[in-house]
Amino acid sequence: MNELLVKLRKGYPDRYAELKKAYEFAENAHRGQKRSSGEDYFIHPCAVVEILADYGFDSSTLIAAFLHDVLEDTSVTPEQLSAEFGDEILGLVEGVTKLDKLQFTNREEAQAENFRKFFMAMAKDLRVIIIKLADRLHNMRSLKFLPQEKQQYISRETLDIYAPLAGRLGISFFKCELEDLAMMYLYPDEYKYITECISKKRGERQALLDGIMAQIRDKMKEMSVSGEVNGRPKHFYSIYKKMHQLHMDVDQIYDLLAVRIIVNTVKDCYTMLGEVHTMWKPIPGRFKDYIAMPKANNYQSLHTTVVADGETFEIQIRTYEMHKIAEYGIAAHWKYKEGTTGVDTDLDNKVRWLREVMDAEKDIGGAKEFMDAIKINVFDDEVFVFTPKGDVYDLPVGSTPVDLAYKIHSAIGNKCTGAKINRKIVPLSTKLQTGDIVEILTANGKGPSLDWLKFVKTASARSRIRQYFKKEQKEENVHRGKEMLEREARRRGYNLADLMHVTAFDGIMQRLSLSGEEDLYANVGFGGISTNQVLTKLIEAFRKQNPEEQIEVAVDSGATERKRSKSGVLINGNANFTVRMAHCCTPVPGDDIVGYISRGRGVSVHRKDCPNIKSMEPERLIEAVWDTGGEENYNVTLNITAESSGGMLAGITAYIAAAKMPITGANVKVDTKEHIADITISVMIKNADDLEDLVRKIKSIHGVIDVRR
């Protein structure tokens, strides 16, 4: 730790006093805390700071790194942190801090909410992700002290989220080490095999590499091209991925040997490319020009693979400026820059993909959908397509012309009527390929189709389609959404009006990214949020708010003698309940039944074998038995499968009429190919015996295949 302070004094003389203050504040806050390794916890923030200092990040980032765990793991409050270090540092620390104090229904929701908050903070200040990546890197370096299950979980999260995010931001020094460390725990056998194979041939490969680099340096001197040449080690996880994807062994991977040529100008890049292809034979199809078409993370370089002495090796050619971006990506913006808050036009252009994801975030309802949007729009590989004017657009793999239309402009997307790819008209659901020339066909007065939501890939396209329908059909959506919520709330035994008045309502709306009651109805109405997402949270809040509420139904206690039940059902031995028969299973006398108490609607009676019973709250189930003295008739629906013939329905209804059972409804669907009729018929009966007799008679009709309730 003393060595760290010496390093900070030398590297950051102007703000060393503030760095020392943050060091002492964090040391005091974490005093007495231990890591899983048994070391003092304070070693962790110091290690994170050292990682960032070694790469020359600005002092504000380092101050926040010292303090990044104090809000989460100590008694320090945001007010204290702001008073001591200011709002800029507080914002960075809060951005890194997880949501551990909130309660979630499952692990997936907790992870999604953490990442949602994390991405929102990152969109405001990208230094949040710089600190988080350094934090994750040190945790991965010390993962051996944790149980195996936790090692696997953290490594999987690192490989799925953090390493790809570092790659998307172009920060290769974080990405490569995170991937290799995660691989060591997730694929230990493959990791050991690859490291052993590479180590066996390291000597001869290095000799070949040295010879190749010497020839390139001589050629550069001859051509009067100034620059440098060095070898580039291939990190283990990238080798593993190629082996897995291409079904190859280590020795078959083309770019285990890699040479990097760094020059002053773009012209020199192409000059050296020509010389390299003259010196060695290039492998067809292995040349990539990322200078003309940069990656989405702004990576630029020429890649070519050539053959020398029977060995294949990759050569990368780039300028010094390109090299800085390739190594540090977006992080290069802060290296050795003091007082930079990260708000400028150039930086905004480089991370427009992040802005697009966060713009769409307000239309993303659930945990799974948010994580899917992040994975698709941030971590997927890209395709590069051209417009007829020559403009280049990068999109996630699997994108369609509709995604491109909305990428160009929301008005183009809304007016899109068709597309041409390479001058041929194609369906709008066609997946784009790198190099395609795509022309979007438009027409005024044309709006998007809801069917587009089934195939669009990007979050921005999905969001804008939903926004269109949300705006154009708001009144209809509000009405439909309210009806859907009321119906589902009643099915669960609640009154929607009661649920909408829970004290936690505003917080729930914020969690769902909604502005209020009408916005909630509209989102449910057009399918942006499911009724289950809303009601699960509202019911949970209602039950917490009303723990003392007793589940009971008023009974006439003055009755001295039990009256017969008008409904034909006794609830807990009493006839004075409001009772209704459940439509889902239509119980009739003779069936084993159970009651379910619903607020404001009495007791609904179900058959005990009704599938819906499993999803009901056990404490609301109540004893129910038939009162055989009742004179009620009960509606029951029968599903009949029969051969298709003109007189089939007439024959069935004749049997029912002969049994003197009123028919309340009938419907017939005929499959003309199979000559099968599905008949649904509702009748009024007195008890299960009558029903059984009716079913037996219908089954005896010639041509009837099956009869079931």
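Arg318 is buried, at a relative accessible area of 1%. Buried here means under 20% relative accessible area, with a 1.4 Å probe and protein chains only. One caution first: this is a predicted model, where local features need pLDDT of at least 70, side-chain atom pairs count only at pLDDT 80 or more, and totals for chains, interfaces and linings use all residues. Residues are numbered from 1 along each chain as its sequence is written, and side-chain values use heavy atoms, with hydrogens and water left out.

Where does Arg318 sit? In strand 6, residues 311–319. Strands are DSSP runs of E, at least two residues; helices are runs of H or I, at least four; both are numbered from the N terminus. The protein has 29 helices and 20 strands.

Now the neighbours. The Arg318 side chain makes a polar contact with the side chain of Gln316, at 2.9 Å. That term means a pair of N or O atoms within 3.5 Å; within protein, one must be able to donate a hydrogen and the other to accept it, and residues adjacent in sequence count only if both atoms are side-chain atoms. Leaving aside residues up to four places away in sequence, Arg318 also touches others, including Arg260, Tyr299, His323, Glu327 and Cys269. Contact means heavy atoms within 4.5 Å.

Take Cys269. This residue is buried too, at 0%. Cys610 is buried at 4%.

Finally, the whole chain. Of 709 residues, 49% count as buried.

Definitions and conventions: Buried means under 20% relative accessible area, exposed over 50%, partly exposed in between (1.4 Å probe, protein chains only).
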